[in-house]
Amino acid sequence: MIYMRGQARDYDRWAALTGDDDWRWDNCLPDFMAHESHYKLDSYIRNEDKGSCDEKLKSFSQLHGVKGEWRVEKQRLRWDILDAFAQAAQQAGIPATEDFNGGNNEGVGYFEVNQKSGWRWNTAKAFLRPDCMARPNFTLWTSTQVEKLSLETQPNGQLRCTGVTVRTASGVVQAQAIGEVILSAGSIGSPQLLQLSGIGPGTLLQQHGLAVRHDAPGVGVNLQDHLQIRSVYKVQGVSTLNTRANSLWGKAMIGLEYALNRSGPMSMAPSQLGAFTRSDPSQPYPNIEYHVQPLSLEAFGEPLHSFPAFTASVCNLNPSSRGSVQIKSPDVNVAPAIAPNYLSTDADRKVAADSLRLTRCIVGQPALAAYQPVEFKPGVQYQSDDELARLAGDIATTIFHPIGTTQMGQDGDPMAVLDSHMRVRGPGGLIAGLRVVDASAMPVITSGNTNSPVLMMAEKAARWIQSGQ
């Protein structure tokens, strides 16, 4: 639910890596705006025809859209502990910001969210249901597993994707494609399906008895992710979700608040307060992101702690560690081996240690002093770079931002699975009729949450598909 584009430099780097200026920030911004419906511009659109537009909103409208499908709203909650953390961050030198999405997201503030009147907004509600469900040429199959792509060798020796093999409740079906097959199974599923179809590292495919249709060493490598280091602080004299949700009365009041106003804890995105800053002053740009939550637990899915606490998760936005996704079986139902290789470089371990020190610096500011924060995890006894880097791995989890496993790149790059229009490369050129449109196509990870960048990529892909590019 967090609306986050990243930083302009991310897309300028994509343009350099792919050799395609279409990926520059200035050329991606219109695709972000095309589907955006930003709450701040609701009044702007109402007053636009009256010639009474506020100049600040007019400037804001140069970076944000108002007539699109993808709703962006202000969070319908606030917490004293999060307000105090934001003030502490400013005391530590991080400026306040009202907009994380103008190309430079440095600052601290509440995240804007993909919601509509307190309800979670998703791509099915925004794009699929209103535009596709009633079309006579649209069919949605659920409880269906794609097993592999159908590939044919053309007279010129190039491959063409002619459809997919899918398993439904009633059996195996061959779905034929007249135009293109668009693979959007994500950074784990897309490389898995390519490998199962014979497109991937030849040695890996042969190990599992699969015919190699195209030896593509880049399929399944270049895995990148944001590892969030979850520091937990006990507090006193302030409400957190731990205390509110650990009693029947508290749960009842949370439910009532949401039923009446669509606000409060039940409207919360996974993280509420954000901050982008530098792990140390020598960094040339904001290289870490905070997700701050008025709660704590041992691990996702486990109960909240019984004591009042908050969690300040921090991640390295541009990790240098690289991982892989590799099939373990020719059976699609056998999950692939996922090896993120978090913190496998000296640079990433240094950023992790510096980030934990910065978290301690923020929490030590006067704005939080009234709540007497005590470090519960990782623990103040750990001080050295080696200790903090090791503890970072112990208390860290994914933020579910895997990218890069079928990366775009330039002609001649053996690790570039896709061209700059996300078309799959094959023997002697492109594999006709096959494109990958998801986060696996990203050559490097964006400096922030990855959902919104994928929608921008889909805008470009839709345009290219329609025009045959």
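Strand 7 and strand 8 form a hairpin with two residues between them. Helices (H or I, at least four residues) and strands (E, at least two) are DSSP runs, numbered from the N terminus.

Ground rules. This is a predicted model, so to speak of local features takes pLDDT of at least 70 and side-chain atom pairs count only at pLDDT 80 or more, while totals for chains, interfaces and linings use all residues. Residues are numbered from 1 along each chain as its sequence is written, and side-chain values use heavy atoms, with hydrogens and water left out.

Strand 8 covers residues 171-176 and runs antiparallel to strand 7, joined by six bridges. Pairing here takes at least two DSSP bridges between two strands. R167 stands opposite V172 in strand 8.

Now the other side of the pairing. Strand 6, residues 145-153, pairs with strand 7 over eight bridges, again antiparallel. L151 faces C161 of strand 7. This is a hairpin too, with five residues between the strands. In the turn, G157 has a positive phi of about 90°.

How much of strand 7 is buried? Eight of its ten residues, 159-168. Buried is under 20% relative accessible area, exposed over 50%, partly exposed in between, with a 1.4 Å probe and protein chains only.

Last stop: helix 10, residues 248-261, which holds L256. L256 is partly exposed, at 41% relative accessible area.
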